[in-house]
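Dear colleague,

I am passing on the structure below, together with some notes on what was found in it. Please read the notes with the model open beside them.

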There are 2 protein chains.
Amino acid sequence: MTEKAIQDFYPDEVAICYGCGRHNPHGLHIRTYWDGEEGICYFKPQPQDTAFPGFVYGGLIASLIDCHSIGTAIAASYEAEGREPGTEPQITFVTGTLKVKYLHPTPIDTELVLRAHVKELHKKKTIVTCSVYANGKECAQGEVIGVRAPWDLNLA
Amino acid sequence: MTEKAIQDFYPDEVAICYGCGRHNPHGLHIRTYWDGEEGICYFKPQPQDTAFPGFVYGGLIASLIDCHSIGTAIAASYEAEGREPGTEPQITFVTGTLKVKYLHPTPIDTELVLRAHVKELHKKKTIVTCSVYANGKECAQGEVIGVRAPWDLNLA
């Protein structure tokens, strides 16, 4: 397991994502730890992250799966290229598609654990699957197609 | 177009969703207006809702599609039963699956418009498609399968 999260290596200029940017003071600060086989993320929901009383709202689950899967794709891509995270040229992805299957209501009063795996890794896109666990129970399954993009892409 | 959003009719006890609950002071307050053919939602992102500079993060798009599609499913179901929104027994749905296709980066400096349509309406599940527009351009497409559930469901 790496000591630093992959998000710690994102360039300052783009590390402002509400989901995972370390420079977004209002954001979720999602962090992805890559161990060479899977990306792991730990996240403790806040009381306001509720859907029904006692359970996490689906949009947060989707946000966690999105940013953590993209982080996993980035970490796996550095490894596949035999490079240390953050080395030039920076590797970034944007989300192409996001799918979430909600299996069980996700309790809000416990730390969530997300485990993400690379299903396919291509030059231009990477497919990552991701499961969300609460108290050891799988509450949601996700799949993200990440599309590789230059980090200084002019998105306009 | 109804003057009140469907979320205004949700029972007080469950109107605390971060996405669309009127009683969540920290939440997004997503509102769905049903005109008999489509559900419409207007949403102005805040500066912190960023992904890359100038663009909305994907998790917000997913949250908007989720809550707005569920709201549309609820509104359409009341209509299909020939009842006014909020009449007993209350109609509620939970999200079964959520799919989002990100077509273009979504600008953060403009009001977003979501248009949702009921694709299939069954007794136990409803499928809703939803598009997100910014400045008239379709930036994302979503599909939500909502599963009907009693509003006082003990989810534990």
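Strands are taken as DSSP runs of E of at least two residues, and helices as runs of H or I of at least four, both numbered from the N terminus, while two strands are said to pair if DSSP finds at least two bridges between them.

Before going further, please note that this is a predicted model, in which local features need pLDDT of at least 70 and side-chain atom pairs count only at pLDDT 80 or more, whereas totals for chains, interfaces and linings use all residues. Residues are numbered from 1 along each chain as its sequence is written, and chains are lettered from A and ligands numbered from 1 in the order in which they are written.

How the chains are related

Chain A is superposed on chain B by a rotation of 180° with 0.0 Å of shift along its axis, and the RMSD is 0.0 Å; this is the relation of a two-fold axis. In chain A, the C-alpha nearest that axis belongs to A:Lys99, at 2.2 Å from it. The superposition is by least squares on the C-alpha atoms of residues with pLDDT of at least 70 in both copies.

The helices

The axes of H1(A) and helix H1 (residues 58-80) of chain B come within 8 Å and cross at roughly 150°, the axes being lines fitted to C-alpha atoms, for helices over the stretch in contact, with angles that run from 0 to 180 degrees between N-to-C directions. Among the residues that make this contact are A:Gly58, A:Gly59 and A:Ala62 of H1(A) and B:Gly58, B:Gly59 and B:Ala62 of H1(B). By class, the contact of H1(A) with H1(B) has four nonpolar, six polar and two charged residues.

A:Ala80 is found in helix H1 of chain A, and it counts as exposed because it has 12 C-beta neighbours inside 10 Å. The cut-offs here are 20 or more other C-beta atoms within 10 Å of a residue's own for buried, 12 or fewer for exposed, and partly exposed in between, with C-beta atoms placed from the backbone. Although A:Ala80 and A:Leu121 are 41 residues apart along the chain, their C-alpha atoms are separated by 8.9 Å.

The sheet

An open sheet of 12 strands has the order S1(A)-S2(A)-S4(A)-S5(A)-S6(A)-S3(A)-S3(B)-S6(B)-S5(B)-S4(B)-S2(B)-S1(B), with antiparallel pairing. Its edge strands are strand S1 (33-34) of chain A and strand S1 (33-34) of chain B, each of which pairs on one side only.

Within chain B, S3(B) pairs with strand S6 (residues 137-149) in the antiparallel sense over 10 bridges, and B:Gly142 in S6(B) is the bridge partner of B:Val100. B:Phe93, in turn, stands opposite B:Arg148 in S6(B). Strand S5 (residues 125-134) of chain B and S6(B) also pair in the antiparallel sense over 10 bridges, and here B:Cys130 stands opposite B:Gly142. In the hairpin of S5(B) and S6(B), which has two residues between the strands, B:Asn135 takes a positive phi near 50°.

B:Glu138, found in strand S6 of chain B, counts as partly exposed because it has 13 C-beta neighbours inside 10 Å. Leaving aside neighbours within four places in sequence, B:Glu138 is in contact with B:Leu103, B:Ser131 and B:Tyr133. B:Glu138 and B:His104 are 34 residues apart in sequence and 7.7 Å apart in space, C-alpha to C-alpha.

Definitions and conventions. Contact = placed C-beta atoms within 7 Å. Nonpolar A, V, L, I, M, F, W, Y, C, P; charged D, E, K, R; others polar.
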